[in-house]
Amino acid sequence: MTEPPAAFAPLDDIALLRWYDVAGVDECIGEAPVDRFAADAARAERRARAAAPPPAPKAAQKAAQKAAPAASPPASDTSAAPGGSARAGAAAVAAEAVTLDQLRAALEGFDGCPLKVTATHLVFGEGAAAGGLMVVGEAPGADEDRQGRPFCGVSGRLLDDMLASIGYDRSTAYITNVVPWRPPGNRKPTPAEVAVCAPFVARHVALVAPRVLLLVGGLAAATLLGTSAGITRLRGQWHSHRPEAGAAEIPAMPTFHPAYLLRNPDAKRLVWRDLLAVRQALADAGNGTG
Ligand code: URA
């Protein structure tokens, strides 16, 4: 008689760490006792402080008065929107940045989004808009949070393949996210978190000034297009995004997120069509790379 196979082979250390990572266990527990109640109270206090609007400098307040009505969709009445006054502070700070470096510094110094407290790194964006294409995703995951780079995990590898299929890479396309800090455990960013980050992504788009936007996933599409429609309805059609009042409208193509494609490979054929439309639009704009 043969031995029955062991039901579960023991995991080696690396596999176990990977499994913890996937399951959202990303904190080490030490050997010394920790008073979690005190730590929770301190964290709650830090969050409350982070949620309060940062005191805006005078120049920023003036800029906010001018720029707030011009902010990107969905809401220009910042006080009534989710994230209300923090969003108004964000709009003021974002409006002051006139270069990408200044925008990065503004985000680094901005304490109005509670996600910053739990994130390891700011994930700002990277690439170049030399080819006229800017990709906007949702929010960093664990890999991005560790490295401080957008789309550097499994979804990122698929995004790289998607870009390569139309002749682009990170030296010819620019990549960023709606939310630049990782939501703990990879949960969806809340409406208030999205609202407070929205002025920064709008300014980011205005500064990169791409010819074409590729919005990957429902959150990027809804935020930049100012709609509550879902990605299945939005994808495959041209829309337009005006990052700021007075700025030119930018053609925007929503499509499925690579993470969705990893779970639903059948949808790749639809995304392929969206990418072909993007390639054509870029070629028509004189920015095609091939
Ligand atoms: N998913 C996103 O939307 N953005 C990233 O940077 C990584 C994964």
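**Close-ups of a ligand, a pocket and a cavity**

The ligand sits in the largest pocket; "sits in" says that more than half of its atoms lie within 2 Å of the pocket's grid points. What you're looking at is a predicted model, where local features need pLDDT of at least 70, side-chain atom pairs count only at pLDDT 80 or more, and totals for chains, interfaces and linings use all residues. Residues are numbered from 1 along each chain as its sequence is written, and side-chain values use heavy atoms, with hydrogens and water left out.

**View 1. Who's around the ligand.** Look for G137, E138, A139, E144, P150, F151, N177 and H257; a residue is in this group if one of its heavy atoms lies within 4 Å of the ligand. That shell has three nonpolar, three polar and two charged residues. (Ala, Val, Leu, Ile, Met, Phe, Trp, Tyr, Cys and Pro count as nonpolar, Asp, Glu, Lys and Arg as charged, and the others, Gly among them, as polar.)

View 2. H257 uses a polar side-chain atom, 2.8 Å from an oxygen atom of the ligand. E138 brings a backbone N or O atom to 2.8 Å from a ligand oxygen, while a backbone N or O atom of A139 lies 3.1 Å from a ligand nitrogen. On its own the ligand exposes 240 Å², and the protein buries 93% of that (Shrake-Rupley areas, 1.4 Å probe).

**View 3. The largest pocket, about 880 Å³ in volume.** Here a pocket is an open set of points on a 1 Å grid over the protein atoms alone, with protein on both sides within 12 Å along at least five of seven lines; lining residues have an atom within 4 Å of a point. Volume is the space filled by probe spheres set on the points. The lining has 33 residues, with S155, N186, H257, A259 and R263 nearest the pocket's centre. Helices (DSSP runs of H or I, at least four residues) that give two or more residues include α1 (13–22) and α8 (154–165). By class, the lining splits into 13 nonpolar, 11 polar and nine charged residues.

**View 4. The largest cavity, with about 50 Å³ of space.** In a cavity, a 1.4 Å probe fits but cannot get out. Among the lining residues are L107, F124, N177 and H204. Which element gives the largest share of this lining? That's α9, with four residues. Seven lining residues are nonpolar, three are polar and none is charged.

How values were computed. A polar contact is a pair of N or O atoms within 3.5 Å; within protein, one must be able to donate a hydrogen and the other to accept it, and residues adjacent in sequence count only if both atoms are side-chain atoms.
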